[in-house]
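My notebook is open, and I have a few things to look up today. Come along and check each entry against the picture.

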Amino acid sequence: MTAVDAVVGPRSGTIPVAGPWITEREVEAVAAAARGSWYEDATVESRAFETEFAAAVSRRHAIALPSCTSALHLALMALGIGPGDEVVVPESTWIATAAPIDYVGATPVFVDVEPDSWCASIESVSAVLTERTKAILLVDLYGGFPDLLAFEALAAERGIMLIEDAAEAAGGWHGRRAAGSFGQVSTFSFHGSKTLTTGEGGMVLCDDTALHERMLFLRDHGRLPGDFSFRSVEIAWKYKMSELQAALGRVQLARIEELIEKKRAIFGWYRERLADSSLDLNFERADERATFWMVTAVFGEETGVTGASARDALAAEGIATRPFFPPLSSLPAFAKSPDVVRAARENPVSYRLAARGINLPSALMLTEADIDRVCKVIRALVAPTARSVRS
Ligand SMILES: Cc1ncc(COP(=O)(O)O)c(C=O)c1O
């Protein structure tokens with residue numbers, strides 16, 4: 001399968017920042033589900049997607065859902081997290097990681113990230129743990145990883161639950177273990193911008209059977225599994241994935257190696273062209289496979305280039321980008337959250353990354369010529385220096 005087999009791609013001259021690689025295989029699978037996934041076969045695709053996804057990340061249980069946001073919400077509810085509890089979360093992430101903490105009435109505690117991995121640092125997390133800390137919610141940012149093995153040890157030692165938000169890391173590994181295999185619960189997103197997509201969609205995974213059953217109950221209006229008498233026993237939620245989405249997801253999962261290979265090729269094209277520029281690109285440890293979901297550049301302070309000025313220069317050339325995630329503690333949405341004043345003072349790395357960083361075009365349909373066009377603009381902004389790019 002090559003890019004030539006793709007059935008969609010950007011139509012305008014603008015270079016897109018994100019987007020999937022869809023082939024005739026996906027189209028046929030969705031058409032087959034539209035024809036046949038009804039009556040007694042009405043859940044065949046979603047059950048198969050769950051089984052195949054669980055096997056791919058070495059988990060016992062998986063539940064296909066409408067989004068990763070719903071996956072995180074279910075996870076927090078099923079773990080019994082609620083008012084009075086604190087959940088530690090990195091500053092640098094999409095709001096969807098932290099909003100569910102608020103949905104369940106718990107308090108997010110925002111921690112700084114490492115300057116190289118851009119993921120939560122052990123020191124920063126250790127410094128905020130209290131008697132009220134119930135969980136550490138880690139994020140595999142842009143398809144790179146926090147020191148998950150060290151966090152696993154810390155959480156076990158302190159008797160705190162660990163949740164891995166692997167929304168951006170499908171197909172990656174850390175310490176030779178699959179992304180999504182860490183902690184009591186892990187979650188994925190299959191939004192249209194993600195490497196593996198179902199349009200919208202998500203998955204929650206765990207190993208504990210009681211936890212799995214609690215999540216099945218909470219996602220189906222508080223009905224006991226197998227209940228067809230409409231006798232809900234709790235007010236709960238309705239979080240399900242459709243058969244058409246699951247059919248699409250199964251083909252994307254079967255193609256995950258080539259999807260990751262393409263992401264890694266895109267990263268490699270950037271690295272070759274920007275190796276002598278005063279900026280940092282995504283980080284990858286020796287025993288990891290980062291997914292480079294979003295190739296991200298953080299400009300050196302000495303360049304005077306900010307994320308905003310770089311985005312403007314690229315936009316003027318028809319190149320779409322995204323800002324590095326602003327720290328959660330800086331968002332108006334969290335202005336009344338109890339931890340924001342401390343966080344804004346104590347988390348300088350996240351604030352610096354947001355000021356200096358951008359997501360570069362990383363869509364799966366990009367070509368080497370597209371990356372060349374992007375890098376010409378960046379190289380004109382940042383004079384080459386002897387500074388080496390990590391990873
Ligand atoms: C780190 C992270 N967490 C959670 C989400 C939420 O995913 P969804 O849009 O599927 O709810 C995203 C999606 O972009 C994400 O990047």
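**Entry 1: before starting.** I noted that this is a predicted model. I also reminded myself that two packed helices are described by the angle between their axes and the distance between the axes.

**Entry 2: α1 and α8.** I looked up helix α1 (residues 24–36) and helix α8 (residues 243–254), and found them packed at an angle of about 150° with axes 8 Å apart. Angles over 145 degrees count as roughly antiparallel, so α1 is roughly antiparallel to α8. The crossing is right-handed. On the α1 side I listed the contact residues, among them Arg25, Glu26 and Ala29, and on the α8 side they include Glu243, Leu244 and Gln252. By type, the residues of this contact are nine nonpolar, one polar and three charged.

**Entry 3: α10 and α13.** Next came helix α10 (residues 307–316) with helix α13 (residues 368–381): their angle is about 135° and their axes are 10 Å apart. That angle makes α10 oblique to α13. I wrote down a right-handed crossing for α10 and α13. Here Ala310, Ala313 and Leu314 of α10 touch Val374, Val377, Ile378 and Leu381 of α13. I sorted the residues of this contact into seven nonpolar, no polar and no charged.

**Entry 4: the ligand.** Which residues are closest to the ligand? I found 14 residues around the ligand, with Thr69, Asp165, Glu168, Ser189 and Lys194 the closest. A polar side-chain atom of Glu168 sits 2.5 Å from a ligand oxygen atom. For Lys194, a side-chain N or O atom is 2.6 Å from an oxygen atom of the ligand. Cys68 uses a backbone N or O atom instead, 2.9 Å from a ligand oxygen atom.

Key: Residues are numbered from 1 along each chain as its sequence is written. This is a predicted model: local features need pLDDT of at least 70, side-chain atom pairs count only at pLDDT 80 or more; totals for chains, interfaces and linings use all residues. Side-chain values use heavy atoms; hydrogens and water are left out. Axes are lines fitted to C-alpha atoms, for helices over the stretch in contact, and angles run from 0 to 180 degrees between N-to-C directions. Helices (H or I, at least four residues) and strands (E, at least two) are DSSP runs, numbered from the N terminus. Angles under 35 degrees count as roughly parallel, over 145 as roughly antiparallel, 65 to 115 as roughly perpendicular and the rest as oblique. A crossing is left-handed if the near helix is turned anticlockwise from the far one by less than a right angle, and right-handed if clockwise. Contact means heavy atoms within 4.5 Å. Ala, Val, Leu, Ile, Met, Phe, Trp, Tyr, Cys and Pro count as nonpolar, Asp, Glu, Lys and Arg as charged, and the others, Gly among them, as polar. A residue is near a molecule or strand if one of its heavy atoms lies within 4 Å of it. A polar contact is a pair of N or O atoms within 3.5 Å; within protein, one must be able to donate a hydrogen and the other to accept it, and residues adjacent in sequence count only if both atoms are side-chain atoms.
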